[in-house]
Structures are given as structure tokens and as C-alpha cells.
Amino acid sequence: YRDLHTFELHAPTRLIEWARGNRVCVAGYGQSGGNEILQLIPPPMLLTKETQGLCPERDFKVECGGFSERPVYSLKYVPDTSLLVTSGPPDSSLQVWQVSTEDSDVIKSVSTIATENGTGQSWAKIATISAGAPRVLHGSRLDRVQITEVESRKNVYTAACRGSEELSDLAFLDCNTLLLCCATGRLCLADIRQPQSLVEATSVPSAPCSEQWCMGTRHGAQGLEPSSQPVARLSSRGLLTLTDLRKTSEFLALAKARVPSPGSGAEFLCISWAPALEGYLAISGFDGTVHVYDTQSWDSSGREAEPIFVHKGHAFGGAGGSRDPPLVTVHMWHLQKPRTLLSAASDGSLHVWDWVQPCGKC
Amino acid sequence: GAGQDVGRSCILVSIAGKNVMLDCGMHMGYNDDRRFPDFSYITQNGRLTDFLDCVIISHFHLDHCGALPYFSEMVGYDGPIYMTHPTKAICPILLEDYRKITVDKKGETNFFTSQMIKDCMKKVVAVHLHQTVQVDEELEIKAYYAGHVLGAAMFQIKVGCESVVYTGDYNMTPDRHLGAAWIDKCRPDLLISESTYATTIRDSKRCRERDFLKKVHETVERGGKVLIPVFALGRAQELCILLETFWERMNLKAPIYFSTGLTEKANHYYKLFITWTNQKIRKTFVQRNMFEFKHIKAFDRAFADNPGPMVVFATPGMLHAGQSLQIFRKWAGNEKNMVIMPGYCVQGTVGHKILSGQRKLEMEGRQILEVKMQVEYMSFSAHADAKGIMQLIRQAEPRNVLLVHGEAKKMEFLKQKIEQEFHVSCFMPANGETTTILTNPCIPVDISLGLLKRETAIGPVPDAKKPKLMHGTLLMKDNSFRLVCPEQALKELGLAEHQLRFTCRVHIQDPRKEHETGLRVYNHLKGGIWDGYPASQIIPKKKKKTLNLDYLVQHLPDGSITVESILIQATAHSEDQGTKVLLVSWTYQDEELGSYLTSLLKKGLPQSTP
């Protein structure tokens, strides 16, 4: 480690989102109500390039907070507005909130975007964009994907997908292109200008049907064609696939992560690309660790990959002994500092860590 | 400054006619009168001694007691000042130290003198933890352990059944030498809590300690010297224990020194106030003195010139004078050395200057000192965060919460959080604002023995767990409240008792003679028409639950019928032979039964009765 800072949130979170002004947002996912959405100001040491040791300001500050009766499973800020959208069980509707730090420090609930609730629907996955009007892409199942305007709550697009598979992730590749990832691993590309068409990407290697998948897309890279960035997929068995969206018929790379088996389920599977380090990605959700990989050494053989770094901090936190070891619920890369990550676990811990590059690279 | 908000704590509470001042702090950032609280708020005219019933000081930090000598000696207050024993012992030391900087170093004139500090402390009454202290007949106070620093306490102020708890600064997590704050379920009407760190999610103590040890270790490894300026008491002990454990674990050889005089004084106070430290220390203290360290030795001035690495704890804490400044001057020029500032430094001190980034300092005699040594700052202050505040509220169960903080920050979110979780009202006034809290006081009332005996003789046996409704007259005379039976009240007031009797006329169609009508009524009432009418209401004065109708309804020789005290007489109608008039008469006390009978008779008599 170059640096490691541990914090304890009042309640565990399963999301970490960056907001305007270098703010970080976390939210509780308890089933019995009283969940808090917290927008935090990170300590200055996280924002500076130089790592300071005994800097006086080492704490996160709660800038504002809101109360949610529902567990908050997903949260996305709506760009260019002071709104954010959340989703969570028991249904696939979305809640819209307003953050206004000038008048008060309470995040107020403003509206709900209702969706038709069919049977077997779980919570909606969401992605936001501000193209013309602020919009949110959401859906819990492949055949229920839609784009809704946040302010007017008007539906502007419904994907013509067939199949009732549960979605594990979705994203805007640009203002017209959507990427959908099903829990089965199936990847679909859609163009909202051509509602009827749908492009399938490669499936994943055939596997026991209980295996679940999630995806990670690279965002933030300026000037590059969004579809030129490889999409990574991670399975609950530890399989990793990289796919180039321009050549969806084959895998760019295939690897296997060393994860404990049997897996502890796919609830918190998380994979993400490093915004400032080419080819690096991180995975978590199997146990109390976060793995960082350099994918540039991967090929299509599917053999086991060696992580560049493993963050084990959460496994050693808090109450040991009889309690179940904490599970990492989410991780997130720092947007500017190349080797800094934030990770949260089911025991309420929040870590900020920076690893040292092993010799050879820089 | 260094990210810390050091305000001047001073709160005035008016409870049940008593006025209590909580803390009397000084603002360290100002050099003029703004550093003291504005005492004109208390009372525009009249003496403070007459207006205030007492003053309570929570702990020895200057932002809580710094203005006390000014207040008591320069503004003028001669009433009692309450604080815990350790606070009373340590306060004057810090006040004197601060006075020295302000007057001697900065040349201020409008400041309290050493004699004033002494005179002020003479007015202090020291209290023990959990000891109820009667300030006067009605006002009592009790101190609770607050953690934070040695001797810090939270105070409960009680007048009759109304109470307020003031927390001062407190800490809900124990550290190496102090325990965590604790209070019982005292259910005060109001809990006043500090909330400076309420919106903070703190870096874990382990990380801070790890970084501190890392810095010290790195410096010592490269042969440098580490200077840690400290106050005699407080975080110094915490850091000593930390370093000692680390040195032991890592088998380090570099010497650690503690200023002479400091060790003895600290040891003396900790031995004196051992009950104020945490469990672990108390346990081990019996076997060996926790504050006699294996690796930490007493310092001698000459050691500062020794070659090689070392760590020195020296007073005073802001590098403003004395030994720590001397050592600093010797070591400042070497970049291998390090100075770690342990806390807030007052403006004007060397500590403050180097923390602000100054690297060239002007010393006495116009000498310029170049600071090449590393300057670090650390904050190990022990305050409660939002989680801690919630914990304390959960422990004490107040009816209302008031949060005090220096900045006029909006903490709507915390307010809602408290209100939602505990269903209490939460207030956060700005400085200078007055908040009014409504309470439901219980007023004790004496009940006369006669009334008590009479009321318990009626109705079912009184149940200790259930409230019992009684009827009496409340007499309020001078300052006493008495509940007596009405007759006695009338007697005492010299008023004659009047009886009210109501008579109602019920017309019945019956051509027969009056006494026959009367008999009809009697038989009708004797038959079971009392269904649905609770026995206890019919015969409130009888204990029996069942009705004995023979006893209840009586036919008197003169033809009238009585139902308890209610009299029914049948009389002839003056004009109409076929109508009889029943006169139903009852006293005011039997209104209920009287009304019931009247409405019953209005329904008419059954034809079948003879």
C-alpha cells in the first residue's frame, strides 16, 4: 500500500458514486426502512496529488443527507442538474431526489417514476445522461427497458427486446447507444434511433445456469469512440471476458480470477475499469477483498490471471470471531488519482486505498 | 486555522425559576473583548450573583473555562462554581499558563491576573461523579463521566421534576487512558449536546495512530529527533502509552524522553484521580504504575545536544515558551528532525506560525531562526460524532434535544434524523438565540387524610398500578397545594354549604289513584329494568357489585318510592283526572341516576302491572 484509510459508516452501503465537486455518495440498503442517502465531502488529502501523512483534515464530512424508506440498491446523479435517481426493491419504480446544498442539507424526495410492475420483477438498474433533457435509462428485465425524461417523467423510448431475463447492468455508451447486460451474461447493444433493432454481442462461455454476470464499461475517455472501449464481464464463478463491441463475434480476452468457491452469490458482484490507468480493472463481491488486474497481459485462453494487487483490508475490520466475515459490496476508482480506489463492505466499513505499483511499471 | 473550531462555550439555562450558567469559555482566536462571552445577555441590571444560582464548568479546556476568572473577578460573581475534582486541580494551571502567554508574551493589559485566578478558584465547589449536590433547597446537580479529557463531566441539573442534562465535550468511544461517556436513563426534559463533529465520518483511530507511528519511526530510523510539544495532561498520556507499546513491539532502542517535572506532575494527578481513567489502567495500576514507562525516561536539558535519534515530549504545548521552545530552537535547523504539533495553537505562538507554513521565525534579539525540520500536525481529539450523539440520546432518553455548535451551519439532516429515530423535538439555536422548551411538570399536591380515607372507602379496592379518580377541592394558598374534601374546603373558606335538589315532572297516563300509580312505579322499578346500567354507577357508594333490588328500591309508607336517595312521588294532575304527575327529585350528586330514572319513566309504565 502507499496509503490506506479506513472509515466506518453508520450503515453499510452497496453503492459509491462520484458527484459534482468531488463529492462521494453512499446509501443504506436495509430492509426495515430508515435508510440514509449521504453525500459526503472527502477529506482534502484525497483530493490532492501528494499523499499527506498527518494532514489535519482526514475525515469525510456529511454535506447533506436524505431519508429513504426503501433500501437503496442503485443511485445515479443526473448530469447538469441537481437531481439524483435511486432504485431498489420491492419494485422497479424509481425515486427522484433533489440536492440543494445552499438552502439546507436535506436531500428531498421530489417524485417517483412509476413503471408497470409485472410478476417476478426485481429492482431496476439505472443509468443517466443529459442529452437535451435529462434522461434516465432503466429497467429490471430485458423486455422492460425504457428511457424516461427525469423532469417530465415522460417515456421517450422503449426497447423492443424479447426475453424476460433479468438485467444486471445497463449503460449509455453515447446519447444514442445503449448497452444492456443480462444476468445470464448476454450483452445487447441498442440504438435508440432504431427502436426495433437490437444487436447481440457474444454470449458467454456456457456454464451452470446459476452463474450470474455483471459488466463494466469504460467511461470518461475523451475523444474516443465509446464502442471502441472493451466491455468487461465478470461471472459469479470468477470468469472474466473482454469484448470489443466492434467485433462482437469473438472475445478479446478471457481469464479466470482466483476466487473462493462456492461463491457467495452474485448480489454484490462488481467490475470496473480504471479511468486513469490503461487496461486496469478491479473486481469484487466474492469475499472481503478487491482484486486489481492488468488486462494487457491477458489472452483468449481463459487461464487463471494473477492480480496486480489484492486489497484485504475489509476482512480484518471490526468485530471478528463469530460474526461472518464482511463481504465487499462495491468498489469505485478515484477519477483522477490513478491507483486510488474506494471500497465498501457489508459491515459498514469504507476504505480508501492506494497501492504501490510492483516494480517494472509506472 | 488548523481546521478546528475553538469557540467560547457559555450557555444560560432557566429552569423552574432557577438560572444556571453552563461553562464559561474563551475564544482563542480573538485578541479583544470578543474572546469572552457577552455577559450582558444574562441580565441588564442587577448583580450576576443575585441572578445566577450557580455556574457549572464541564472540563478544563480553555474554550470551556478560559473566561472564568474574568467573569468572577472582573465582571463580578460570588456565587458557587461547580466542577469535578480533577478539573478544579488542573484548571488553574492552564489558566495561569494562558495568562502568561497573553500578558507576558503578547503584552495585553485588560486580562485577569494570577491573583484573580486564585480568588476565582476559592469559589469553586468540587463534586464527585454521580454525587447529587444540593445547590439550594430546590436545585440539585449531578456529574456523569464524559471521557474526552481527565475530569470531564456531563451535568444533570434538576429542579423538582424538571431536569436538563448538559454534556460539555464528550466521547462515546474509550481510548487508551480514558473510558467512554456514560449516563443512566434519567429522562431529562432537555439534553444539550455539542455537535461540532456531528457531520464527520472519522478516519479510524488505528489509521491515525499508524500514520503517527510511521512518521516517528521513519524519523528515528534516519537518525533524526522528534519533538512533541504537549500540555502536562491530556493527549500526552495517550501518546506515551501508544509509543511505549510500539517501542516494545518493534524492539526499538532510540530513547524517549518526557520533560522533567511533567512526569511527576502527571503521575501525581493520575494517581489522585485514578477512578477517572479507564478500566484497563485501573486494573494494571495495581500491579505497576501505568504511567511509569519502561522506555520513557525523564528528560534532562543536556540530552537535547546528544547525537543520535530520540523522541522528546516537552511542555508547553504551543511552543510558546519554556523547554519545548528551547529544544525546538536547537533542532529546527536539521531537516532530519521532526516536530509533531498535537493540537490547536493560539495565534502568536511559534506553534501557530510554523503550522501556517512559516519557515523563518523572528526570535528574541532579532535573531532569525530557519526552520528546516519537518512540521507535522495531528489531531487525536476525542469528540462524539453523529453516531455517538445518537448513542447518548438512546442512553438518556430525553424529551427534547438541543444541539450546540460554533458555526451557524445548517444541520437539518441531523435534526430530522434525531426526530425520526427518537420522536423528540430537536433544536439548534444560533449563538445569542433563546430557545424555549415546553415541559409537563408534575406538581405535587398534599391530600387530606380525611379525603383519602373517604375515597378509598368507596368503590372497588384501589389498585396500586391503576390511576384512581377522586373528587375533591384543590386549595392553593401561599406555596402549598392541598386536596381536601369539599366540606372541609367550605369550612376553611367560611362558606356555607348548599344542597342542590332537582325535581322533574313526568306525566303518566293513569286514571287511578295516586297511591296505585305509585305502586305501579314501584313494581316496575323493582323488576329487572336495570340491564345495561352499570352497578357501580347505581350504587357508587356500595362496594357490592351485584344489585340487591330489595334494598335499592323502597316503597315508603306515605306512598313515595325511593331509589337510593332519589325520591319519586305520584301526584294528581291539577286539571286532568286521567293523568298523573310523577315528581322525580334528586340531589346534585345523583344527577346521573336521576336523569336515568326520569328518561326511563318517560317511556311509560307497562300496562300489565296491576
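This briefing covers the interface between two chains, then selected features within each chain.

The model is predicted: local features need pLDDT of at least 70, side-chain atom pairs count only at pLDDT 80 or more, and totals for chains, interfaces and linings use all residues. Residues are numbered from 1 along each chain as its sequence is written, chains are lettered from A and ligands numbered from 1 in the order in which they are written, and side-chain values use heavy atoms, with hydrogens and water left out. Chain B and chain A bury about 2,600 Å² between them, where buried area is the accessible area (1.4 Å probe) that two parts lose on being put together, summed over both.

**Interface of chain B and chain A**

- The contact (heavy atoms within 4.5 Å) draws 29 residues from chain B and 29 residues from chain A.
- Carbon and sulfur atoms account for 54% of the buried area.
- Between the two chains there are 4 salt bridges, a salt bridge being a side-chain nitrogen of Lys or Arg within 4 Å of a carboxyl oxygen of Asp or Glu.
- One salt bridge pairs B:Arg208 with A:Asp59 at 2.5 Å, N to O.
- On the side of chain B that touches chain A, at least two residues each come from strand 11 (200-201), helix 6 (205-221), strand 19 (374-377), helix 12 (386-396) and helix 13 (412-422); helices (H or I, at least four residues) and strands (E, at least two) are DSSP runs, numbered from the N terminus.
- Helix 6 of chain B gives the most to that side, with 8 residues.
- Strand 5 (residues 60-68) of chain A and strand 11 of chain B run antiparallel and are joined by 2 bridges; two strands pair if DSSP finds at least two bridges between them.
- Opposite A:Phe60 stands B:Ile201, in strand 11 of chain B.

**Chain A**

- Chain A has 1 helix and 28 strands.
- Of its 362 residues, 59% count as buried, that is, under 20% relative accessible area, with exposed over 50% and partly exposed in between (1.4 Å probe, protein chains only).
- A:His334 sits in the loop between strand 26 (328-333) and strand 27 (340-345) and is buried, with a relative accessible area of 1%.
- A polar atom of the A:His334 side chain lies 3.0 Å from the backbone nitrogen of A:Lys337.
- A:Ser100, in the loop between strand 8 (94-98) and strand 9 (108-113), is buried at 14% relative accessible area.

**Salt bridges within chains**

- A:Glu304 and A:Arg258 form a salt bridge (3.0 Å, N to O).
- A:Glu304 lies in the loop between strand 24 (290-294) and strand 25 (309-311) and A:Arg258 in the loop between strand 21 (253-256) and strand 22 (270-273), so the pair ties together parts that are 46 residues apart in sequence.
- A:Arg193 and A:Asp191 meet in a salt bridge at 3.0 Å, N to O; A:Arg193 is exposed at 57%, whereas A:Asp191 is buried at 17%.

**Helix 10 of chain B**

- Helix 10 (residues 322-331) has buried residues that include B:Leu325, B:Ile327, B:Phe328 and B:Trp331.
- The buried residues of helix 10 pack against several elements of chain B, among them strand 12 (225-229), strand 15 (310-314) and helix 11 (350-355).

Notes: Polar contact = N/O pair within 3.5 Å; in protein donor to acceptor, adjacent residues only side chain to side chain.
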